[in-house]
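The entries below are in the order I took them.

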Amino acid sequence: MDKEKCRFYIKEDSTADRLRESCSKSHYSNKKLGYRVIKDGYVLISRKWDESFQLEGGVVDSDMCYIPETGYTDTGGCSYEFDLSSVEYGEKCIFLGTFHLVYGHAITDALKKLWFLNTELGSKLINDSSVDLVYITSCNNDMPQWHLRILELAGVDVSRIKQIRNTSKYNEIIIPDNSLFKENGMLYTNEYREIIEKIKDNVRSTTYYKSAPSYDLYYTRTAFKDASKKEIGEKSIEKLFKKRGFQVFSPETLPLEEQISLLMKCNKFAATEGSCSHASVFCNSSAEVIILRKVNNVNGYSAMINDFVGHRTVFVDVNHSVKTNMIAPVVGPFYLYVTKDLSRFLGINHLYCPLIFRPSYLVYLYSGPIKKKYYQIRTFLRLRGRYLALKSYVNDILHK
């Protein structure tokens, strides 16, 4: 990867060093993919996340040994004890994966086994009605239509696939290798690229693509109903980009084909790091991608996608997320605001109010369960009193 393809407006620490290292190396693997066959194995439904933030579900063999590459990521899944008397039975299946039902994983991990369906053996098995094409979903939730549409765009006949809703035993489980996997970082293969290109080719044939303009594009999470539970402050950042000429969209309100069309044609693309920014996998190599970091953490998908597409990527800190979970920083909660790093990147002068005087930061800092509710109220009033006193003092000086 060309080091000059990435620029950084971030806090300089060991995390920054690891991010730079990840962005400076290739994430391509020429690994020859195959498949493995598990005899008398079990497809375990996903029940919940465990205490270490691993997602239950995947495949275990006849000795109850878990197959790591059947998790939602190849290091993020786990098995559990289950009642053998309550399982269902089948003859033969192809296991297509554990699908974590969020957009970022739908366009990465959920696609990693689909290459097998395009092989000679895969095509033969698809035409055999006795073979199930199976998948499971995070926490056994219903598969949303938008996720099925991604699979359709990737060339999958969704009428042929089956969601396992109860733990099932199969005489034979075929498990394709992953075309996206972790090995000293996140790596991709040619097979993953072929799936992404197939999605883009199918989108090009739609009216959405033909009518899509070339924007400087910003994808926001502010209209996403679950974002407000763990994120505070993106609205101020969104407004700033809008003033800079970016067209702001809530991607979940657009048809999938329109979302991807806008990405394929955009000149610049900005989004907070996570599912929104991972959508840059559909951008052209000539685009500039601005990743707004919600937490001081290295997200392995970001550098991989930068290398995969070859676009110019800028990492910018826009957070003071001091309450994020230390085991899994991506779960938040996040505090976002217009930082000095963002102002430096945009080349603007911005008047800063200290975080401690920001009501939004106090809401972030003292939200959630605390031992004494009155402590939260007392602290807020005390700090607000200091802010008002400081404001009065400054006004007095200015008007003398």
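Predicted model: local features only at pLDDT ≥ 70, side-chain atom pairs only at ≥ 80, totals over all residues.

**Entry 1**

I looked up the strand order first. The sheet is open and has six strands, in the order E4-E2-E9-E6-E7-E8. The pairing is mixed. As a reminder to myself, strands of a sheet pair through backbone hydrogen bonds, either parallel or antiparallel.

Which strands stand at the edges? I found E4 (58-60) and E8 (161-163) there. Each has a single partner strand, so one side of each is left without a neighbour in the sheet. I also noted the twist, which averages 50 degrees from one strand to the next.

**Entry 2**

I then looked at E6 (residues 88-99) and E9 (residues 168-176). They pair in the parallel sense, over six bridges. I picked out Ile94, which stands opposite Ile174 in E9.

**Entry 3: helix H5**

Does the span of H5 agree or disagree with 1.5 Å a residue? H5 covers residues 190-204, which is 15 residues, so I should expect a span of 21 Å. The end C-alpha atoms of H5 are 21 Å apart, which agrees.

Next I listed the buried residues of H5: Glu191, Tyr192, Ile195, Ile196, Ile199, Lys200 and Val203. I kept in mind that an α-helix has 3.6 residues a turn, so residues three or four places apart point the same way. I asked what the buried residues of H5 pack against. The partners are H4, strand E10 (180-182), strand E11 (186-188), helix H6 (207-211), H8 and helix H10 (300-309).

**Entry 4: H4 with H5**

I followed up H4. H4 and H5 pack at an angle of about 95 degrees, and their axes are 8 Å apart. That angle makes H4 roughly perpendicular to H5. From H4 the contact takes Ile150, Glu152 and Leu153, and from H5 it takes Lys198, Ile199, Asn202 and Val203. I sorted these residues into four nonpolar, one polar and two charged.

**Entry 5: H4 with H8**

Last, I looked up H4 (residues 145-153) against H8 (residues 256-265). Their axes come within 10 Å and cross at roughly 60 degrees. That makes H4 oblique to H8. On the H4 side I wrote down Trp146, Arg149, Ile150 and Leu153, and on the H8 side Leu256, Glu257 and Ile260. This contact divides into five nonpolar residues, no polar ones and two charged. Ile150 and Leu153 of H4 are listed in the contact with H8 and also in the contact with H5.

Methods: Residues numbered from 1 in each chain as written. Heavy atoms only, no water. Axes fitted to C-alpha atoms, helices over the stretch in contact; angles between N-to-C directions. Helix = DSSP H or I, 4+ residues; strand = E, 2+ residues; numbered from the N terminus. Parallel < 35°, antiparallel > 145°, perpendicular 65-115°, else oblique. Contact = heavy atoms within 4.5 Å. Nonpolar A, V, L, I, M, F, W, Y, C, P; charged D, E, K, R; others polar. Pairing = 2+ DSSP bridges. Expected span 1.5 Å × (residues − 1). Buried < 20%, exposed > 50% of the residue type's maximum accessible area, 1.4 Å probe, protein only.
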